Amino acid sequence: MSKIYWVSIAKRTDEFEVEQNVIEKIFAKKSELKDFLEQEGYCKAARNQYIKIDDKLIYEAAVEKVKMK
């Protein structure tokens with residue numbers, strides 16, 4: 001059984017306004033996922049959730065581990 005890591009990134013301008021899934025990416029290895037998040041400037045917010053804050057935007061990345069047969 002193999003695993004992939006699926007990342008869904010949403011863009012938010014304030015507490016109430018959220019745009020759905022700006023970016024979706026798939027990674028074969030956890031190390032690739034961590035490298036991507038680190039290079040893009042994301043910080044860990046909670047389990048399987050990361051955030052990045054730019055001038056007036058907040059990006060929220062949700063990570064899911066998918067097991068495939």
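User: In what order do the elements run from the N terminus on?

Analyst: This is a predicted model. The protein has one helix and five strands. From the N terminus, the order is β-β-α-β-β-β.

User: What percentage of the residues count as buried?

Analyst: Buried here means under 20% relative accessible area. The protein has 69 residues. The share that counts as buried is 22%.

User: Which elements give two or more residues to the largest nonpolar core?

Analyst: That core has 12 residues, among them Y5, F27, L33, L37, Y50 and V63. In soluble globular proteins, nonpolar side chains tend to be buried together. The elements giving two or more residues to the core are β1 (2-12), α1 (30-40) and β5 (58-68).

User: Leaving aside neighbours within four places in sequence, what is L37 in contact with?

Analyst: L37 is one of the residues of the largest nonpolar core. Contact means heavy atoms within 4.5 Å. With those sequence neighbours left aside, the partners of L37 are Y42, Y50 and A61.

User: How many charged residues are in the lining of the largest pocket?

Analyst: The pocket holds about 270 Å³ of space. Both α1 and β5 give two or more residues to its lining. Lining residues include Y5, K30, K34, R47, N48 and E64. By class, the lining has four nonpolar residues and one polar residue, and the charged ones number six.

Note on methods
Residues are numbered from 1 along each chain as its sequence is written. This is a predicted model: local features need pLDDT of at least 70, side-chain atom pairs count only at pLDDT 80 or more; totals for chains, interfaces and linings use all residues. Side-chain values use heavy atoms; hydrogens and water are left out. A nonpolar core is a set of buried Ala, Val, Leu, Ile, Met, Phe, Trp, Tyr and Cys residues joined through side-chain atoms within 4.5 Å. Buried means under 20% relative accessible area, exposed over 50%, partly exposed in between (1.4 Å probe, protein chains only). Helices (H or I, at least four residues) and strands (E, at least two) are DSSP runs, numbered from the N terminus. On a 1 Å grid over the protein atoms alone, a cavity is a set of points where a 1.4 Å probe fits but cannot get out, and a pocket is an open set with protein on both sides within 12 Å along at least five of seven lines; lining residues have an atom within 4 Å of a point. Grid points are joined across faces, edges and corners, and a volume is the space filled by probe spheres set on the points. Ala, Val, Leu, Ile, Met, Phe, Trp, Tyr, Cys and Pro count as nonpolar, Asp, Glu, Lys and Arg as charged, and the others, Gly among them, as polar.
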